[in-house]
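Please look over the sequence and the model shown here before reading on.

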Amino acid sequence: MSVQDELKSVAPAKLLIDGVTKSFPTRSGTVLALDNISLQINEGDFVCLVGPSGCGKSTLLNIIAGLEHPDSGLTLMDGKPVTRPGRDRMVMFQEPALFPWLDVMGNVLFGLRLKPNLNNKERREVARFYLRLVGLEEFAHSNIHELSGGMKQRAALARSLAPNPRVLLMDEPFAALDALTREQLYGDIQRIWSERAKTIVFVTHNVREAACLGNRVVLFSPHPGRVREEFQIDLPHPRDINSVELASYASRITRALRGYVDAPETELGAE
Amino acid sequence: MKRLLSSIVFFSVLLMAWHFLVLAKIWSPVLLPDPFSVWEYLKVAAMDGTLFDATLVTLRRLLTGYGIGILLGIPVGMLTARFRFMEDTVGVLALGLQTLPSVCWVPLALLWFGQTEGAMLFVVVMGSLWSIIISTDNGIRNVPPIFARAARTMGAKQFYTWTRVILPASAPFVVTGMKQGWAFAWRSLMAAEIFVTILTGFGLGQLLEYGRDLHAMDQVIGVMLAIVVIGLLVDKIIFSPIEHLLHRRWGTGRA
């Protein structure tokens with residue numbers, strides 16, 4: 001396989017989540033993290049899963065990644081059931097999870113080394129391409145601890161993109177960053193999404209962030225984790241997180257979210 | 001440069017204090033020899049090859065025993081960290097035996113192996129193995145689970161994850177453990193060499209004991225100094241560069 005083939009945009013995948021249920025044992029009994037979740041994610045969608053902590057959105061992401069298994073229901077990727085992690089679905093975590101014993105280049109190469117049909121020279125070329133894409137070309141040989149928080153997440157992004165996955169799963173990747181750095185990364189991720197045509201599932205508890213990035217925002221409520229409502233965000237990309245239109249979407253979503261989070265108490269009151 | 005200078009000044013003062021203590025004649029020179037006579041002994045022993053030969057014999061025993069300790073200890077430590085069953089069995093055994101001072105192995109080794117190199121080796125392995133197992137185990141438990149998860153999403157299988165992620169991630173702990181294992185091996189070998197007199201090789205410990213037999217205090221102190229210097233050199237030549245590299249990569253320590 002040549003580097004050119006490797007760098008070609010692959011077709012984004014379609015995900016079908018069908019009746020996924022997952023519970024966890026805790027000290028105070030079993031917690032139903034996901035209750036019969038069904039969701040269709042189309043090719044090239046940028047879907048943001050929003051909800052307060054404990055609503056199971058991260059669990060759902062891990063199930064799509066194949067890192068966890070549902071108690072019942074299944075996830076289909078282009079019609080094939082997901083049973084284990086695969087390079088066609090790369091994950092970015094809230095912590096960069098970069099390997100401190102490797103430099104930036106070594107980290108990006110890590111996933112590529114597991115890819116057959118490429119020689120080491122080609123792997124380096126591919127890695128350099130993605131480092132350029134995230135703007136870290138000059139830092140290829142830096143140690144991880146020398147990078148700022150934002151640069152670490154860029155490196156993690158490059159590492160996730162390098163195996164050329166069809167789906168990118170992001171679990172609150174920007175939550176630990178300062179506002180200014182986050183805004184830069186919003187721009188980057190939107191640019192990369194449109195350049196590289198990926199299906200992105202993005203978990204966040206930040207409504208504004210969801211409205212800024214996604215073309216779809218799916219609202220979750222906790223105890224048990226359920227899909228409550230979905231919003232279509234019909235604004236052209238790239239979007240500015242501070243724009244007025246975005247703010248109106250965000251406030252609509254926030255209002256809805258508040259309704260669902262308070263809902264159990266109202267139900268109790270009605271009884 | 002300034003640090004080197006302070007070391008030199010410190011040790012010169014120490015030597016001078018020693019010299020003046022001898023001149024004050026508080027203790028008999030049989031018990032406290034002058035630093036110059038110790039130096040004289042070291043010079044003669046170095047010239048006629050005694051010191052060099054003994055060092056060689058000792059280092060050969062040490063490296064063999066320590067090597068076996070590492071080759072066994074690291075895989076076993078990985079197993080005790082990975083499998084509950086191994087943790088409850090071998091792990092507990094290691095924890096218990098680690099508390100046993102290594103000189104306590106000498107009587108058993110003598111009865112089992114007699115006055116042989118085998119006894120010597122046994123004591124060194126027993127002295128270093130357990131602490132290497134425990135620090136490897138500890139190092140692996142300290143690897144953030146997210147590293148293994150990240151590797152799995154990139155398509156790494158079990159074996160690859162262990163060799164390319166978990167083992168390097170635990171390196172700072174494992175190296176500390178190896179260093180500790182080295183110190184234990186060194187101590188146990190000296191104990192063994194002092195207690196086990198054998199004809200197959202005359203090590204530093206034996207040279208030290210021989211000095212006692214001859215009431216040659218300059219030899220006793222001279223050999224002790226040689227033992228200290230070897231310990232220091234190993235630390236500076238082998239472990240310091242590795243630790244420095246790890247500190248630079250991980251961004252820890254003063255490096």
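What follows describes the model part by part.

This is a predicted model, in which local features need pLDDT of at least 70 and side-chain atom pairs count only at pLDDT 80 or more, while totals for chains, interfaces and linings use all residues. Residues are numbered from 1 along each chain as its sequence is written, and chains are lettered from A and ligands numbered from 1 in the order in which they are written.

Chain B has eleven helices and zero strands, where helices (H or I, at least four residues) and strands (E, at least two) are DSSP runs numbered from the N terminus. Its C-alpha atoms fill a box of roughly 70 × 55 × 30 Å along the principal axes. Of the 255 residues in chain B, 34% are buried, a residue being buried if 20 or more other C-beta atoms, placed from the backbone, lie within 10 Å of its own.

The largest nonpolar core has 81 residues, and Leu169(A) is one of those with the most contacts inside it; such a core is a set of buried Ala, Val, Leu, Ile, Met, Phe, Trp, Tyr and Cys residues joined through C-beta atoms within 7 Å. A second, separate core of 35 residues includes Val106(B) and Phe184(B).

In chain A, seven of the ten residues of helix H3 (residues 104-113) are buried, so this helix is largely enclosed by the rest of the structure. The buried residues of H3(A), among them Asn107(A) and Phe110(A), pack against helix H4 (120-133) and helix H5 (149-161) of chain A.

The axes of H5(A) and helix H6 (residues 179-196) of chain A come within 10 Å and cross at roughly 15°, with axes being lines fitted to C-alpha atoms over the stretch in contact and angles running from 0 to 180 degrees between N-to-C directions. H5(A) is therefore roughly parallel to H6(A), the term covering angles under 35 degrees. The residues that make this contact are tabulated below.

| Helix | Residues in the contact |
|---|---|
| H5(A) | Gly149(A), Gly150(A), Gln153(A), Leu161(A) |
| H6(A) | Thr181(A), Gln184(A), Leu185(A), Arg196(A) |

Between the chains, 17 residues of chain B are in contact with 20 residues of chain A, two residues being in contact if their C-beta atoms, placed from the backbone, lie within 7 Å. On the side of chain B that touches chain A, the largest share, six residues, comes from H7(B).

Conventions. Buried ≥ 20, exposed ≤ 12 C-beta atoms within 10 Å, placed from the backbone. Parallel < 35°, antiparallel > 145°, perpendicular 65-115°, else oblique.
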